[in-house]
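The following questions and answers ask what lies behind the terms used for a structure. Please consider the sequence and the structure shown here before reading on.

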Amino acid sequence: MKSISLRLRIYLVILASVLVLGIIGLMVIEGFSFLDSLYFIIVTIATVGYGDIHPVSPAGKILVLGIILVGVGCFVGVVANAIEYMIDLRERTQRIEKLNMLIGVFYSEVGTRMLKKFSPKDPGIQEIRSALLVSNNWSEDDFKKAYAKLQAHSYHLDSHEFSLEELHTFLSDHKVFLLALLENPQLFEHDRFTDLLHAVFHLAEELVSRDRLVNLPETDYSHLSVDLTRVYSQLVIEWLAYMHYQKKKYPYLFSLAMRTNPFDEHASAIVQ
């Protein structure tokens, strides 16, 4: 899509240059008025060519030949790239919709449960809890402030605080589901979510690679703490992004998500 947008901008710049230089040239060489010059160039590059206005001097004819050679090609290029851009934009919008459905399924099956396990172990959770208690009253500015607060937060989880065997079992039980997500081509549209899945898989691989998950060396606990923190920090920010999307697109999904908010100590799916 970036290449299409770049081509379109280049064609537009060239076309605009042809219009400006052509108008000035016709006004100077042929003595046309501004309106007549603009009219002549438009009908020429659009290949309409009424013939009611035409250059009479050799210099004017040479100028018009240049306008035709450059302008017509650019006009066709603008139209073709504009159509391609709109089609690609529509397809990309559809892909993003499907991707957000995948993200929703991920949080329903795995992500929200992991956040419920991880967030109580975050020693600084109270510092960011207000940025995670999203409500229907939140504005775009509220989300921007929440993003800034989460990105500035110093995330840290201590692997000593976890039952690593229980976490290993949880991730193993959902391995097939996570693999199915990772194989979905829609993920290429969302680098951040793909990075999150890779972090989750890496954590799962670290846990499955050990013969035992208790009484580990301190160096190993430190290593696992880094892996846990990586997953947790990405889970939190991606969760907020998904809540932002739900609030804008699917209020009914957003309502349930807020009632089951993993950061709300009093959350309940029951409508009060």
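**Salt bridges, burial and cores**

Q: What makes the pair E166 and K117 a salt bridge?
A: The closest N and O atoms of E166 and K117 are 3.3 Å apart. A salt bridge is a side-chain nitrogen of Lys or Arg within 4 Å of a carboxyl oxygen of Asp or Glu, so the pair qualifies. E166 belongs to helix 6 and K117 to helix 3, 49 residues apart, and the pair thus links distant parts of the chain. Helices here are DSSP runs (H or I, at least four residues; strands are E, at least two), numbered from the N terminus.

Q: On what kind of model do these values rest, and how are residues numbered?
A: This is a predicted model, in which local features need pLDDT of at least 70 and side-chain atom pairs count only at pLDDT 80 or more, while totals for chains, interfaces and linings use all residues. Residues are numbered from 1 along each chain as its sequence is written, and side-chain values use heavy atoms, with hydrogens and water left out.

Q: Why are E166 and K117 called partly exposed?
A: Buried means under 20% relative accessible area, exposed over 50%, and partly exposed in between (1.4 Å probe, protein chains only). E166 has a relative accessible area of 45%, so E166 is partly exposed. K117, with 28%, is partly exposed as well.

Q: How many salt bridges does the rule give?
A: The count comes to eight salt bridges. One of them joins the side chains of D141 and K145, at 3.4 Å from N to O. Both residues lie in helix 5, four residues apart, about one turn of the helix. D141 has a relative accessible area of 41% and is therefore partly exposed, whereas K145, with 56%, is exposed.

Q: What makes D220 and R210 a salt bridge, and which residues form a network with this pair?
A: The closest N and O atoms of D220 and R210 are 2.6 Å apart, and the two form a salt bridge. D220 lies in helix 9 and R210 in the loop between helix 8 and helix 9, so the pair ties together parts that are ten residues apart in sequence. E206, R210 and D220 are linked in a network of salt bridges. D220 has 17% relative accessibility and therefore counts as buried; R210, at 17%, also counts as buried.

Q: What sets the phi of N215 apart, and is N215 buried or exposed?
A: Phi of N215 is near 55 degrees, a positive value in a residue other than glycine. Most residues other than glycine have a negative phi. N215 sits in the loop between helix 8 and helix 9. With a relative accessible area of 63%, N215 is exposed.

Q: How do you know that the span of helix 8 is close to the expected one?
A: The expected span of a helix is 1.5 Å times one less than its number of residues. Helix 8 has 18 residues and reaches 26 Å from its first C-alpha to its last, close to the 26 Å expected. Its buried residues include F193, L196, L197 and E206. The cover over the buried residues of helix 8 includes helix 3, helix 6, helix 7 and helix 9.

Q: Which residues touch the most other members of the largest nonpolar core?
A: A nonpolar core is a set of buried Ala, Val, Leu, Ile, Met, Phe, Trp, Tyr and Cys residues joined through side-chain atoms within 4.5 Å. In the largest nonpolar core, of 58 residues, F106, F118, Y232 and W239 touch the most other members. Helix 9 gives the largest share of this core, 14 residues. Contact means heavy atoms within 4.5 Å. Leaving aside neighbours within four places in sequence, F106 is in contact with residues including F177, F193 and L235. A second, separate core of 14 residues includes L8, L26, F32 and I67.

Q: Why is V72 called buried?
A: V72 is at 18% relative accessibility and therefore counts as buried. V72 is found in helix 3 (residues 58-118). Beyond its neighbours within four places in sequence, V72 is in contact with T44, I45, T47 and I67. V72 and L15 are 57 residues apart in sequence and 8.8 Å apart in space, C-alpha to C-alpha.
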